Amino acid sequence: MSIENSVADAKQKRSKPSRLAPNYWPFVLPALLVVSAVIVFPWVFTLWMSVNSWTLGQPRTFIGFANYVRLAQDMRFWESLWHTATYTALSVVLPLFFGTLAALIFDAKFPFRGLLRGVFVMPMMATPVAVALVWTMMFHPQLGVLNYLLSFLGIGPQEWIYNQFTVIPSLVLVETWQWTPLVMLIVLGGLAAVPREPYESAEIDGANAWQKFRYLTMPMIAPFLMIAVIIRSIDAIKSFDIIYAMTQGGPGTASETINIYLYNTAFAYYDIGYGSAMAVVFFFIIIALSFVLLMVRQRANWSDMETK
């Protein structure tokens, strides 16, 4: 009987008119056109310009990979690459440390905790250029408030962004002040998702505060820390506005990152072809960094799954 029913159902399905498969291209096509116009075309054009010699106001000449050979021999480019790496590393590590510390403090219950959280996150709401202008005044060797405060501690005036040895740490100080709250919010989200039962068991076993942080808190919030590292790395490596507004790459070239050097090459010296080659190399550096961070993030996910 079941076989006869199956045959009847099959005949009934064949007798129904077949429906055409839905066509989604009318909905996808506008997005593809926008992406092609905004992302794909500029990058293809940049690649094309990188194999040309073109100074603004002069005719364009195809030179192949000469710009890339010149880039490999350009010591100023390698110096800017080192400045970028130093600035990025410090701008990731310091906000990660202080943001995690702030999250642990604000995760505890105490009076006016919500108000203090709101005050703590205010720096990241300010625009980078406004932050740069305020900190430039604070860094002034004679009139800045920072040297005035240091005088109460018996420390002499510092040159801050006006010295080639302290300019990058000073810029990192601004970056840390503005983006530590972001790391704190990410880590607070991780702490809110941490179950309390393991801590109760650890207290019964006699674990102290450091042991609970080392063996319980850190492994459970590691994926959130990795998210903070990825966000901060992407933001720091492409930082331009704060550096340009405060130092413009100076004194000399002491704080000239790849972004600043690229901008000066293309829009101050009008060497469009060489600036395009620099942009292409910088793009592949970012791709490589993103690949490494995603691999580390994937390993963190696997470690978290194995722990569970």
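Helices (H or I, at least four residues) and strands (E, at least two) are DSSP runs, numbered from the N terminus. This is a predicted model, in which local features need pLDDT of at least 70 and side-chain atom pairs count only at pLDDT 80 or more, whereas totals for chains, interfaces and linings use all residues. Residues are numbered from 1 along each chain as its sequence is written, and side-chain values use heavy atoms, with hydrogens and water left out.

**Figure 1. Overview of the chain and its annotated spans.** The protein chain contains 13 helices and two strands, and 34% of its 308 residues count as buried (buried means under 20% relative accessible area, exposed over 50%, and partly exposed in between, with a 1.4 Å probe and protein chains only). Of the contacts (heavy atoms within 4.5 Å) between residues at least 6 apart in sequence, 67% join residues at least 24 apart. An unreviewed UniProt entry lists residues 24-45, 85-106, 118-138, 176-194, 215-234 and 272-296 under "transmembrane region"; the positions follow the numbering used here, feature names are shortened, and such annotations may be inferred rather than shown by experiment. Residues 85-106 are 100% helix and 0% strand, with 31 Å between the end C-alpha atoms, while residues 176-194 are 89% helix and 0% strand, with end C-alpha atoms 26 Å apart.

Figure 2. In the loop between helix 12 and helix 13, Tyr270 has a positive phi of about 60° although it is not a glycine, and at 41% relative accessibility Tyr270 counts as partly exposed. As background, most residues other than glycine have a negative phi, and most peptide bonds are trans.

**Figure 3. Close-up of the largest pocket.** The largest pocket holds about 320 Å³ of space. Fourteen residues line the largest pocket, and those closest to its centre are Leu104, Arg196, Tyr199, Lys212 and Thr217. On a 1 Å grid over the protein atoms alone, a pocket is an open set of points where a 1.4 Å probe fits, with protein on both sides within 12 Å along at least five of seven lines, and lining residues have an atom within 4 Å of a point; grid points are joined across faces, edges and corners, and a volume is the space filled by probe spheres set on the points. Helix 4 (75-107), helix 9 (197-204) and helix 10 (209-237) each contribute at least two residues to this lining, and helix 10 gives the largest share, five residues. By class, the lining of the largest pocket comprises eight nonpolar, one polar and five charged residues (Ala, Val, Leu, Ile, Met, Phe, Trp, Tyr, Cys and Pro count as nonpolar, Asp, Glu, Lys and Arg as charged, and the others, Gly among them, as polar).

**Figure 4. Close-up of the second largest pocket.** About 220 Å³ of space lies in the second largest pocket. Its lining has 13 residues, of which Pro42, Thr46, Gly275, Ser276 and Ala279 are the closest to the centre. At least two lining residues come from each of helix 2 (25-50), helix 12 (258-268) and helix 13 (272-307), with the largest share, five residues, supplied by helix 2. The lining of the second largest pocket divides into ten nonpolar, three polar and no charged residues.

**Figure 5. Close-up of salt bridges.** The whole structure has seven salt bridges, each a side-chain nitrogen of Lys or Arg within 4 Å of a carboxyl oxygen of Asp or Glu. In one of these, the side chains of Arg232 and Glu175 meet at 3.0 Å, N to O. This pair links distant parts of the chain, as Arg232 lies in helix 10 and Glu175 in helix 8 (residues 167-192), 57 residues apart, and both Arg232 and Glu175 are buried. Lys238 forms a salt bridge with Asp235, with the closest N and O atoms 3.7 Å apart. Salt bridges with shared partners join Glu175, Arg232, Asp235 and Lys238 into one network. Lys238 counts as partly exposed at 48% relative accessibility, and Asp235 as partly exposed at 23%. A further salt bridge joins Lys212 and Glu203, whose closest N and O atoms are 3.3 Å apart; Lys212 counts as buried because its relative accessibility is 17%, whereas Glu203 is partly exposed, with a relative accessible area of 49%.
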